[in-house]
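The sequence and structure come first.

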Amino acid sequence: MVEIPRRSLLAGMAALGAGACAKIGESEAGRSAVATADGWHRAAHRALAGKQGLVKEYAPSERSPTFKGNGSLTVETPFYQDQLARGFPDWRLTVGGLVEQPLSLTMADIRALPQRTQITRHDCVEGWSAIGEWTGPQLSALLDAAKVREEAKFIVFRCADTLYGRSYYESVDMVDAYHPQSIVAHSLNGEPLPEKNGAPLRMRLERHLGYKHPKYLTGIEAVASFAGIGDGKGGFWEDLAGYQWYGGI
Amino acid sequence: MAKHALSTRLWHWVNAAAIIVLFMSGLNISNAHRYLYWGDYGFDPKDAWLSVIRFPGWATIPQHYNLAMARDWHILAAWPFGVGLLFIWIAMLANGHFRRDLATRPSDWTPAAVIASVKAHSPSGEPAHHGYNAVQKILYGGVFGVLLPMMVLTGLSISPGFEPAAPWLIDMLGGRQSARSLHFLAAWGIFGFFVIHIGLALTDWRLILEMFTGGRREAAASVAPTPTPEPAPPVEGAIDHG
């Protein structure tokens, strides 16, 4: 019958298509098409939700029983282990880069700022979700205190943890940096941040997937571009494996 | 007059390509966390309602596990898929394809209508005719009205960047992990349709050709603006309306 060769032809075409996908995906044109599509998603999300639109906040009873740790689960340096054992007395969070007034804050300084508590859902890029209550100052309060300069376009987060021999870092644009739910969290479910969840400080950038919420935070840096930072793609996973810089989808 | 409007043909092939890319890259994404949950949260395999198999490389884009690249393809193909769906719905409502071929009447949901549909589709039946039988209306209606929109809505719901635009949508779907489960289920529903659709199309190669050329609708159609070309199943465009 005629059907048989036609079907194997179709199967062959499908296989060819799938192989071609890999080639297209790695090409320059393919990469720029993907970056464009990703940018459109960001623009669409912000057009539909507004730049300051809030994600849902849950009731205490809706929290997940535990909060999964993923990625780095600790920092293996003696300094970190010592600080962890003693409640982070010498931990400093710096706010620098393109700012008028660089800051170096202790944990006490951070707890003394006006606080925001929010029960939000954390969605990992892998697909799972957990819900927890986070407390900390809004990132916008720190940026305002440091007086971010006009030319700054992005906020980069520096971290103490390393994975695959590289320092973790992440970044967002100014819209996300000044979002009301972007906070520097020092506690989870009313307790100081557990080690696996990024003690003593982690970012909450609620409109993004989990890899955009850096843990073990040491520095906040206002920059005009990603040139000279990591491999220049704006984040650890972006550099290492080509993850999307916009983590809202 | 063409059997398939140009808008239908264009959408059909663009959508076919988009769906293949979305499905195969989606299987790769599924491999990242192979457990499905109901409700808002879910991360512990113990709480999963379904433990999904690991999809083999030949079924995924790319053909090895790579979440970042699979997401690139998914994020890219989501645009022609989502915008295309909006386009074809507008076109179908405007050109009468929906009213004529997809809108069902109570009589389409009877066993007699189903039997008549199967008979009309038997190999000894008439050559490719226009006018959808009851089973076709129900199946195509289910795909256009339920499965395809469900993919867009659940896909948006599992995107945290979209959430502030419609937090009620996630609640309506039963929470973020429920939306993710429904995304997976609707994808397999579409796959099921895909298999039947291709199986039937391969029984007569002219059907495939017509999806490129547009084909031709039977004689009387060109005279009346509301075509009722075939007497076969109980289809009458004019009465159907309203």
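Two strands pair if DSSP finds at least two bridges between them. Helices (H or I, at least four residues) and strands (E, at least two) are DSSP runs, numbered from the N terminus. The model is predicted: local features need pLDDT of at least 70, side-chain atom pairs count only at pLDDT 80 or more, and totals for chains, interfaces and linings use all residues. Residues are numbered from 1 along each chain as its sequence is written, while chains are lettered from A and ligands numbered from 1 in the order in which they are written.

**Strands of chain A**

In chain A, strand 8 (residues 187–188) and strand 9 run antiparallel and are joined by two bridges. A:Leu188 has A:Glu191 of strand 9 as its bridge partner. Both strands belong to an open sheet of four strands in chain A, ordered 3-4-8-9, with antiparallel pairing. Strand 3 (116–123) and strand 9 (191–192) of chain A are at the edges with a single partner strand each, so one side of each has no neighbour in the sheet.

Strand 5 and strand 6 of chain A form a hairpin with two residues between the strands, where A:Tyr164 takes a positive phi near 50 degrees. A:Phe157 has A:Glu170 of strand 6 as its bridge partner. The two pairs with stated bridge counts are tabulated here.

| Strand pair | Sense | Bridges |
|---|---|---|
| Strand 8 (residues 187–188) and strand 9, chain A | antiparallel | two bridges |
| Strand 5 (residues 154–163) and strand 6 (residues 166–173), chain A | antiparallel | seven bridges |

**Helix packing in chain B**

Helix 1 (residues 6–30) and helix 7 (residues 176–201) of chain B pack at about 135 degrees, with their axes 11 Å apart. Axes are lines fitted to C-alpha atoms, for helices over the stretch in contact, and angles run from 0 to 180 degrees between N-to-C directions. Helix 1 and helix 7 of chain B are therefore oblique to each other (under 35 degrees is roughly parallel, over 145 roughly antiparallel, 65 to 115 roughly perpendicular, the rest oblique). From helix 1 of chain B, B:Ile19, B:Phe23, B:Gly26 and B:Ser30 meet B:Phe184, B:Ala187, B:Ile190 and B:Phe191 of helix 7 of chain B.

**Contact between the chains**

In total, 43 residues of chain A are in contact with 31 residues of chain B (C-beta atoms, placed from the backbone, within 7 Å). Helix 2 of chain A gives the most to the side of chain A that touches chain B, with ten residues.

Key
Two residues are in contact if their C-beta atoms, placed from the backbone, lie within 7 Å.
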